[in-house]
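Trainee: I've got a model open and I'd like to talk it through. Can we start with the overall picture and then zoom in?

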Amino acid sequence: MSAFAFENRIWDEAETTPRDRLGKLQARRLRELVARVAEVPFYKEALARAKVKPGDIKGPDDIRRLPFTAKEDLRQHYPLGFLAVPRSQVARFHGSSGTTGKPTFVAYTADDLELWANLCARFLVAGGLRPEHTVQIAFGYGLFTGGFGLHYGVEKVGASVVPAAAGNTPRQLMLMQDLQADVLVCTPSYALNIAEVARQQGIDPRTLPLKFAHFGAEPWTEDMRKQIEAELDLIASNNYGLSEVIGPGVSGECAARNGMHISEDHFLAECVHPDTLEPVARGEQGELVFTTLTKQAMPLIRYRTRDIASLDSSPCPCGRTGARMSWVLGRTDDMLIIRGVNVFPSQIEEALLRVEGTAPHYLIEVDRPGAMDEVTVHVEVRPESFSDKMSQMQVLRDRIDREIQAVTGIRANVQLVEPQSLERSVGKAKRVVDHRREKGLI
Amino acid sequence: MKLNQLSVFLENKPGRLSHPCKALAEAGINLLTLSLADTQQFGILRLIVRDWEKARDVLTQAGCVVRVTEVVAIEVADRPGGLEEVLKVIEAEGVNIEYMYAFTFRSHDRAVLVFRFDAPDAAIKTLQAKGVNVLQDVELYKLVEQ
């Protein structure tokens, strides 16, 4: 049996650079980066405080002498305090969604845009995209990096683009069928929505022309992939990025499906403990930190992503040498500490996906009525899981209970609720209500 | 011989029962009988109506999770020991009852009970062989509408 889920093809020779040469390239680029940000006020001050000069950078490990950059630093230098080139060289602006307060702007020079398209082409080809494909992009086009990033990546590969943009699912289905789009680009949860709306319209989602999909922009799980692949009969690949680093194109899965290869020639990756900021042991989970080695307009040093994952730089059968990051387990700011145990909403989702007919609508409620933390997971009942027998419903509840305990290690009260009773949102779903916060207990 | 019963999932909080009942009332659907099973957490409302397909659609439209199951209506004598006679037969034959409830009407000296069996077809055969009166749906509707 082949080690690959589909044909392995490599877009860019640089993806196979031997790791020793990659290290030297990173060191050289890091030195140039430190010189390049010398006039950015935040870095000027931070580098002076750390007493680091470009010449001090001898190897990639010297990254540890450099200061971190946090989202909060970008906010404090709103809107363009991190710009490292004259304003006239900026070709485009994008921005983060800004769920809390103002957005964070990022800027690209013409060279940055060229690099970005190439990095997107890397993961698209790794995930099965070929020039003969037609790609429907159901990401928002606008400040959000998803739409434009993928758009130019697909064009770079030479495939056709249907820039459907986000929303209006019946129209997405029409475009997909009439233009025979065989590749879908969107968030994984939106793909499930497409399947659901197709079924409502009497269309078997498996008969849609889709063969491949490239999903990103939100955390998901291997179990969710299985569900999407089964419901839509396609091959789904995972990719990762964030606007501050470049947008989509930081990393993506290959046909061997054992993690997402980071384009380490452009992004120096670290995995640190979110509290101590010390590197975690090899292969352990920690917060991902990226340094943009080659970006011109708004380079960042040791940017803390708040995403929790692990890194693996062992050889991959596909031939790419870039270290592979695991699926993102959660975000440091989503992480709940329940009776001393770290729990991520994504783990609850994973547990629910193991029980047929429960996901994807749930709400996690945390409280501390006395001395102990208590967790209640509200789960909507779906027709497939509903029985007229009380005993069956108790069995369902017990199964959810057991799966949550198996995945997270904590006991939760499982509350079955009526369908449609949990809040739906267009963007990021509200998954957690933490009463301990309102009470000032955490 | 079998009736189609509708079951609706309910959260155990004030006002939840009236939601499906209101939807059915607005659609002009009359409830022949109902039973409510509940735990501290949630409940299951079980309904018998004449036009179950329409009722199912109305409830689904109203956002309820609905399940259709086959149940069996059995006539017993409406006097002390009437139910016990039938239960004796059921037990003796080793037929398993999931749950049961009564129709709200009475006519003459008879009462009608709804039984949920695991294997309704086998149960009907066994009960009829022992002389238990299993009602046809038409007979039942006639009784209700007397």
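Trainee: For contacts in chain A with a separation of 6 or more, what share comes from residues 24 or more positions apart?

Mentor: Keep in mind that this is a predicted model. Chain A holds 11 helices and 21 strands, and 43% of its 442 residues count as buried. Among its contacts with a separation of 6 or more, the share from residues 24 or more positions apart is 67%.

Trainee: How far apart are the end C-alpha atoms of helix α5 of chain A?

Mentor: The helix covers residues 145-157, so at 1.5 Å a residue its 13 residues should span 18 Å. Just after α5(A), A:Gly158 takes a positive phi of about 100°.

Trainee: Over to chain B: which elements give two or more residues to the side that touches chain A?

Mentor: At this interface, 13 residues of chain B are in contact with 14 residues of chain A. The chain B side divides into 5 nonpolar, 4 polar and 4 charged residues. The elements of chain B giving two or more residues to that side are β1 (2-11), β3 (42-49) and β4 (66-77).

Methods
Residues are numbered from 1 along each chain as its sequence is written. Chains are lettered from A and ligands numbered from 1 in the order in which they are written. This is a predicted model: local features need pLDDT of at least 70, side-chain atom pairs count only at pLDDT 80 or more; totals for chains, interfaces and linings use all residues. Two residues are in contact if their C-beta atoms, placed from the backbone, lie within 7 Å. Helices (H or I, at least four residues) and strands (E, at least two) are DSSP runs, numbered from the N terminus. Ala, Val, Leu, Ile, Met, Phe, Trp, Tyr, Cys and Pro count as nonpolar, Asp, Glu, Lys and Arg as charged, and the others, Gly among them, as polar. The expected span of a helix is 1.5 Å times one less than its number of residues. A residue is buried if 20 or more other C-beta atoms lie within 10 Å of its own, exposed if 12 or fewer, and partly exposed in between; C-beta atoms are placed from the backbone.
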